[in-house]
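Try each task before reading its solution.

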Amino acid sequence: MQLRRYQQDAVSAARSSLAAGRNPVLQLATGTGKSLIIAALAQPRTWVLTHIQQLVEQNAKTYERFTGSAPGIICAGLKRKDTRADVIFATIQSIKGVLVELPEPDLIIIDEAHRVPHRRGEHSMYDSILRRYPRAKRIAMTATPWRMDNGIIYGDGESFWFDHLAFNYPVKQAVADGWLTPLVGVETAIQLDVDEVDVDDDFNQEEVGELQTQEWLESVARSLPQLAGERKHIAVYCPTVAAANRALSAILEETGWRAELITGAMAPEARKAILRRFAERETRVLVSIDTLTTGFDLPSLDCIVCLRPTLSSSLWVQIQGRGTRLANNKKNCLVLDYVGNLIRLGGVDMYERYYREDSLEEVEAKPLRPHVKRERKYLPGVRKLTPIDPMTGLAAGNGTALTVDVHAVSAVAIKTKRDPNNYILMVQYACTTAENARIDATLFVNTVVPREQDYQFFKQRGLAVKIPAPAQSVAWAVRAARVPKQLQVRKAGKYWNVVAEHFTGVEGSAEQAA
């Protein structure tokens, strides 16, 4: 097995970063061969950790093909506990139970690293492992180096496990280079109204499932022959098991296509049999809940039907990434969205345009709509320069991360549609980039049902504010408090969201670059 050019570049970037004493993130689109890069980077006393059995198995097999040596595996599902091997592939759940039997690692590589807390001290199995071995070097591998709360998993300072993005190979570049197949998105005429669904970190999927009545699902199924009549392998993503069963019934009744349901609760052998029938085209449609995401690999998949709404750009990327792999006679993968994800999240840099079924009009992919559905008020200022993405040298786009200098701050309490009786604190910053481009960045603080980051927000400012408290009662204190010198921000459509605040400044800042 030989590394492709971009894989060689990724390996070189990681090695250079490690040699400089840093802990890098490698961001590569789903389907571009992260397992081969891992194999090239693994050395004696390396642990490769992930959260699911399928990835352990895939990564270990690739390592053996690439190096000619069999690695150790620690995975309860695979009935393996090879504690004496030089290179170990393991699930985080299984290795945690045998740490006393293992020598200390020199290098820890984490696959699907967006599951690692983006700050130290957040309770998780990954955090406990990394704290136990602080001298081990660290590499993060992921297609989406951010978490649900838009927290990027890397940054300067002791609070982050990974300190910079060393390499990025996005979907659009991989498609242009011929290593991935393009996606074609269709916002279908049939759309589920989820405006009244409760939202915590994401939509309450039980409520979504209740909205998906048999009648609605039958209308979805009736649209499939016209929209996906030429597609051979169709994966349907559902919110709940109950909704998936209703969807299966509707598809069988309305299309006559062979369809099956797969869930995580099934026995492994049963799941393997279903996946085999799907791969061999005995089954045309596979209905699932969260089973066909990370670790699912069927290159011939040419249609994704999304009935699961989400606010998570990382989950949306993972779902779409199932369809980007190359296969014989496959020109593209069709993404049929029935729940507003294309409008809500756009293509997340996977495609710039999609189609509306009712008009077949090609339209611009729309940005993420903020959960708080109210016009954002901008502080005064003239914007003559375009912010530049330092990773590409091009104009900043959806997902661009920057470090910016702060010049002014405002805080107001606004109502939310989800709970109109309470307010949320909206903090806005007037900032400049390294090129002196003006941007406004926004941070939302929940003072009524505070999270850990909300308590931290007040602690950083030295405010003796007691929360829970109404947002109106603390807005004045925030406006009068100390202002961070710099922010890490991430672009979501036309908005910039705050990822982290820095009160002492960070290395490589806009101020230093100016």
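Helix α3 (residues 53–67) lies across β2 (46–50), β3 (72–75), β5 (87–91) and β6 (107–111), and runs at about 160° to β5. Helices (H or I, at least four residues) and strands (E, at least two) are DSSP runs, numbered from the N terminus. Axes are lines fitted to C-alpha atoms, for helices over the stretch in contact (heavy atoms within 4.5 Å), with angles from 0 to 180 degrees between N-to-C directions.

This is a predicted model, in which local features need pLDDT of at least 70, side-chain atom pairs count only at pLDDT 80 or more, and totals for chains, interfaces and linings use all residues. Residues are numbered from 1 along each chain as its sequence is written, and side-chain values use heavy atoms, with hydrogens and water left out.

**Exercise 1.** Find the strand order of the open sheet of eight strands, and the strands at its edges.

*Solution.* Start with pairing: two strands pair if DSSP finds at least two bridges between them. The order is then β4-β3-β5-β2-β6-β7-β1-β8, with mixed pairing. Next, β4 (80–81) and β8 (164–169) each have a single partner strand, so one side of each lacks a neighbour in the sheet. Finally, look at β1 (residues 24–28) and β7 (residues 137–142): they run parallel, joined by three bridges. Gln27 has Thr142 in β7 as its bridge partner.

**Exercise 2.** Classify the ring pairs Tyr6 and Tyr169, and Tyr63 and Phe89.

*Solution.* Rings of Phe, Tyr and Trp (its six-membered ring) pair if their centres lie within 6.5 Å; planes under 30 degrees apart count as stacked, over 60 as edge-to-face and the rest as tilted. The whole structure holds five aromatic pairs. For Tyr6 and Tyr169, the centres are 4.0 Å apart and the planes at 10°, so this pair is stacked. The two residues sit in helix α1 and strand β8, 163 residues apart. Tyr6 is buried, at 5% relative accessible area (buried means under 20%, exposed over 50%, partly exposed in between; 1.4 Å probe, protein chains only). For Tyr63 and Phe89, 5.6 Å between centres and 55° between planes make the pair tilted. Tyr63 belongs to helix α3 and Phe89 to strand β5, so the pair ties together parts 26 residues apart in sequence.

**Exercise 3.** In which helix is confidence lowest, and in which is it highest?

*Solution.* Helix α15 (residues 510–513) is lowest, at a mean of 35, and helix α1 (residues 5–19) highest, at 98.

Note on methods: pLDDT is the predictor's confidence in each residue, from 0 to 100.
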